[in-house]
Amino acid sequence: RSGARPAAFDDADWVHLVLEVLKGAFADREFRYGDPAFVDVGLEQLLSARHADARLALIDPARASPGLPGPVGYEVDLALHLPAPGPLGGSRPRDTSYVCVIDAEGRAFSATPSDGSYACPVIPGLGIVPSERGMQSRPDPRHPSGVAPGKRPRLTPNPALAVRDDGSVLAIGCPGGDMQVQAMLQ
């Protein structure tokens with residue numbers, strides 16, 4: 001906010017700011033993101049300078065917030081926003097990879113294949129292995145990411161392509177659940 005550039009990307013003040021900004025983005029994701037065919041995400045508001053300024057005003061430069069900040073500039077039913085269910089006991093095996101390819105002609109591919117079946121339950125009597133990514137949805141259909149027929153889930157895999165004006169391409173991504181956007185920012 002001061003306009004000063006960080007001394008380095010590992011400077012404590014810079015890391016603190018980046019992490020607090022990410023918490024605000026994750027809060028907006030929790031409170032607003034869902035399939036736009038079912039949910040008014042409010043992208044114009046979320047992408048506005050006014051909203052960014054309101055989120056930045058919540059950051060204490062001397063202290064980390066203990067969790068996600070609340071909604072800013074919109075009303076939500078906080079009871080719908082319970083923490084996402086985590087893995088059932090023990091450590092979770094790794095199940096996500098990242099792959100990118102850029103060929104000699106400059107065509108690029110960036111993907112985050114995910115969804116190992118070895119850690120998922122088998123539905124008794126059916127033999128179906130549900131998607132492990134279902135853990136990122138909410139059971140209450142009123143939540144922006146609530147489960148509903150035909151509704152696309154909110155997922156963490158987020159491979160990216162950056163394209164310059166001259167057409168050159170950078171493929172970027174990584175595995176790691178919610179850590180992906182943080183690592184990609186670094």
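I begin with strand 1 (residues 99-102) and strand 2 (residues 108-111), which pair in the antiparallel sense over four bridges. Strands here are DSSP runs of E with at least two residues, helices are DSSP runs of H or I with at least four residues, and both are numbered from the N terminus. Two strands pair if DSSP finds at least two bridges between them.

Before I continue, a word on the source: this is a predicted model, in which local features need pLDDT of at least 70 and side-chain atom pairs count only at pLDDT 80 or more, while totals for chains, interfaces and linings use all residues. Residues are numbered from 1 along each chain as its sequence is written, and side-chain values use heavy atoms, with hydrogens and water left out.

Strand 1 and strand 2 form a hairpin with five residues between them, and Gly106 in the turn has a positive phi of about 90°.

Which residues are linked in a network of salt bridges? They are Asp103, Glu105 and Arg107. A salt bridge is a side-chain nitrogen of Lys or Arg within 4 Å of a carboxyl oxygen of Asp or Glu. Arg107 meets Asp103 at 2.7 Å, N to O, and forms a salt bridge with Glu105, where the closest N and O atoms are 2.9 Å apart.

As for accessibility, buried means under 20% relative accessible area, exposed over 50%, and partly exposed in between, with a 1.4 Å probe and protein chains only. Arg107 is exposed at 53%, and Glu105 is exposed at 59%, whereas Asp103 is partly exposed at 27%.

Leu161 has Ala171 in strand 4 as its bridge partner. Five residues lie between the two strands of this hairpin, and Gly167 in the turn has a positive phi of about 95°.

Finally, the helical part. Lys23 forms a salt bridge with Glu20, the closest N and O atoms being 2.8 Å apart. Because these two residues are three apart in helix 1 (residues 12-32), about one helical turn separates them. Are Lys23 and Glu20 buried or exposed? Lys23 counts as buried at 19% relative accessibility, and Glu20 counts as buried at 8%.

A search of the whole structure finds six salt bridges, among them the one between Lys23 and Glu20.
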